[in-house]
Amino acid sequence: NNYAFNNSGMAGAAGIGVSASIDVILNSNIVLNNSNYGIFIDRVRTYLINNTANRNEYGIIVWSSNNSLINNTVSYKRASRIYLGQGSSGVGNKTLINNYLFSNNEGIRVFKNSNNSIKDNKMVNNSYGILIESSSNILLDNNTAFNGYNGIHLLDSNNTLIKNNLLSNLIYLTIILILFI
């Protein structure tokens, strides 16, 4: 097991990066003002708990990994968000619980993933709350999104269950579904 606890990283190109590891726990870390990412995970089984990523270009990026993200905060940047990307192996099985995302372009973005559970998250003052693209078997349950455009945006995805979410937006529809056949 690898464990990073109560660290701070500020004003560099990147905050915390973990690649090709097993059972990594990132707990109570703060990453601020980095010009690239706050936390970057690639090909790792990771638990991110109680971390804060503020004013980084990208908040938390998870690539080709199995992860649990619990009680994290991502805020204040143009592109900052929690991003679940496919990577080379297309690994899914991610759990996002009780994360807080505010004042970003996007709150949570899922791209080419499967078997993810996104529950009890709060997205406030982002342009978009949750974007799901080219993904399947996604559960969106009990999330709160108060954003400028869309609360939930699905693009070319299937087997997505949306239930018990509170969505309020200023400009466009709350839930957008787009499928390409």
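## A charge over a ring

The charged end of Arg55 is placed over the ring of Tyr76, at 4.6 Å from the ring centre. The model discussed here is a predicted one. Tyr76 also takes part in ring pairing: together with Tyr100 and Phe102, Tyr76 belongs to a cluster linked by ring pairs.

## Aromatic pairs

A pair of aromatic rings is described by the distance of the centres and the angle of the planes. Over the whole structure, the search returns five aromatic pairs. One of them joins Tyr37 and Phe40: the ring centres are 5.2 Å apart and the planes meet at 40°, so the pair is tilted. The two partners fall into separate accessibility classes. Tyr37 is buried, at 18% relative accessibility, because the limit for a buried residue is under 20%. Phe40, at 24% relative accessibility, counts as partly exposed.

Trp63 and Tyr83 form a stacked aromatic pair, with 5.8 Å from centre to centre and 15° between the planes. This pair links distant parts of the chain, since Trp63 belongs to strand 7 (residues 58-63) and Tyr83 to strand 10 (residues 82-85), 20 residues apart. Trp63 is partly exposed, with 28% relative accessibility, whereas Tyr83 is buried, with 13%.

## Salt bridges between and within segments

Side chains of opposite charge can pair when their charged atoms come close. The structure contains five salt bridges. Among them is the bridge between Arg45 and Asp23, whose closest N and O atoms are 2.6 Å apart. Arg45 is located in strand 5 (residues 37-49) and Asp23 in strand 3 (residues 16-27), so this pair ties together parts that are 22 residues apart in sequence. Arg45 is partly exposed, with a relative accessible area of 39%. Asp23 also counts as partly exposed, at 21% relative accessibility.

Another salt bridge brings together the side chains of Asp42 and Arg43, with an N to O distance of 3.3 Å. How much relative accessible area does Asp42 have, and is Asp42 buried or exposed? Asp42 has a relative accessible area of 13% and is buried.

## The network around Arg81

Salt bridges link Arg81, Glu106, Arg109 and Glu133 into a network. Within this group, the side chains of Arg109 and Glu106 meet in a salt bridge at 2.8 Å, N to O. Glu106 is buried, at 5% relative accessibility. The side chain of Glu106 also makes a polar contact with the side chain of Arg81, at 2.8 Å.

Where in the chain does Arg81 lie? Arg81 is placed in the loop between strand 9 (73-77) and strand 10. Arg81 is buried, with a relative accessible area of 12%. When residues up to four places away in sequence are not counted, Arg81 touches Tyr58, Gly59, Ile60, Val74, Leu101, Glu106, Gly107 and Arg109.

Asn165 is found in the loop between strand 20 and strand 21 (166-169). Which backbone atoms does the side chain of Asn165 reach? A polar atom of the Asn165 side chain lies 3.0 Å from the backbone oxygen of Leu140, and the side chain of Asn165 reaches the backbone nitrogen of Asn143 at 2.8 Å. With residues up to four places away in sequence left out, Asn165 touches Leu140, Asp141, Asn142, Asn143 and Ile152.

The C-alpha atoms of Leu140 and Ile162 are 4.8 Å apart in space, while the two residues are 22 residues apart in sequence. Ile162 is situated in strand 20 (residues 158-163). Ile162 is partly exposed, with a relative accessible area of 28%.

Technical notes
Residues are numbered from 1 along each chain as its sequence is written. This is a predicted model: local features need pLDDT of at least 70, side-chain atom pairs count only at pLDDT 80 or more; totals for chains, interfaces and linings use all residues. Side-chain values use heavy atoms; hydrogens and water are left out. Helices (H or I, at least four residues) and strands (E, at least two) are DSSP runs, numbered from the N terminus. Buried means under 20% relative accessible area, exposed over 50%, partly exposed in between (1.4 Å probe, protein chains only). A salt bridge is a side-chain nitrogen of Lys or Arg within 4 Å of a carboxyl oxygen of Asp or Glu. Rings of Phe, Tyr and Trp (its six-membered ring) pair if their centres lie within 6.5 Å; planes under 30 degrees apart count as stacked, over 60 as edge-to-face and the rest as tilted. A charge sits over a ring if NZ of Lys or CZ of Arg is within 6 Å of the ring centre and within 35 degrees of the ring normal. A polar contact is a pair of N or O atoms within 3.5 Å; within protein, one must be able to donate a hydrogen and the other to accept it, and residues adjacent in sequence count only if both atoms are side-chain atoms. Contact means heavy atoms within 4.5 Å.
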